Amino acid sequence: MTNGEVTGTAGSTTLKAALGDYNALTFSSYPNSLTATAVGNTFLNTATGWDVLHEALHAYTGWTDGQIIKTFNIPCPNCYLGDTTAISTWLQNGCP
Ligand SMILES: [Zn+2]
């Protein structure tokens, strides 16, 4: 199954390839506004409710991690390493 098949776009990346080492990834499309969240095989063992809310935020807004971080001015010291746990931590701390 590809990202295009779940979002109604021409995307041809398989969900497995897109997910890679991520624990979860939300696909969204514009202007269809179709979203789908794919979860890795360790997601249910390791994810917190905040991670689920993180993915729901992607699904609701259609925004990338970068757009969420910029919009809410979320401190993310390790974003340059691809670490986006700052969003989940920010949610857990009450979105200060
Ligand atoms: Zn994210």
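## Helix packing and overall fold

Helix α4 (residues 49–61) and helix α6 (residues 85–92) approach each other so that their axes come within 9 Å, and these axes cross at roughly 110°. The structure is a predicted model, and the protein averages a pLDDT of 86, with 96% of the residues scoring at least 70.

**The contact of α4 with α6**

- Where α4 passes α6, the crossing is right-handed.
- On the α4 side the contact is made by Trp50, Asp51, Leu53 and His54, while α6 contributes Ile87, Ser88, Leu91 and Gln92.

**Overall architecture**

- The protein contains 6 helices and 2 strands, and its elements, read from the N terminus on, follow the order α-α-β-β-α-α-α-α.
- The radius of gyration of the protein is 13 Å, close to the 12 Å that the globule rule gives for 96 residues, so the protein is as compact as a globular protein of that length.
- Taken along the principal axes, the box filled by the C-alpha atoms of the protein is roughly 35 × 30 × 25 Å.

**Confidence along the chain**

- Confidence in the protein is lowest in helix α3 (residues 43–46), where the mean is 79, and it is highest in helix α5 (residues 65–72), which reaches 94.

Definitions and conventions. Residues are numbered from 1 along each chain as its sequence is written. This is a predicted model: local features need pLDDT of at least 70, side-chain atom pairs count only at pLDDT 80 or more; totals for chains, interfaces and linings use all residues. Axes are lines fitted to C-alpha atoms, for helices over the stretch in contact, and angles run from 0 to 180 degrees between N-to-C directions. Helices (H or I, at least four residues) and strands (E, at least two) are DSSP runs, numbered from the N terminus. A crossing is left-handed if the near helix is turned anticlockwise from the far one by less than a right angle, and right-handed if clockwise. Two residues are in contact if their C-beta atoms, placed from the backbone, lie within 7 Å. pLDDT is the predictor's confidence in each residue, from 0 to 100. The radius of gyration is taken over C-alpha atoms; the globule rule is 2.2 Å times the number of residues to the power 0.38.
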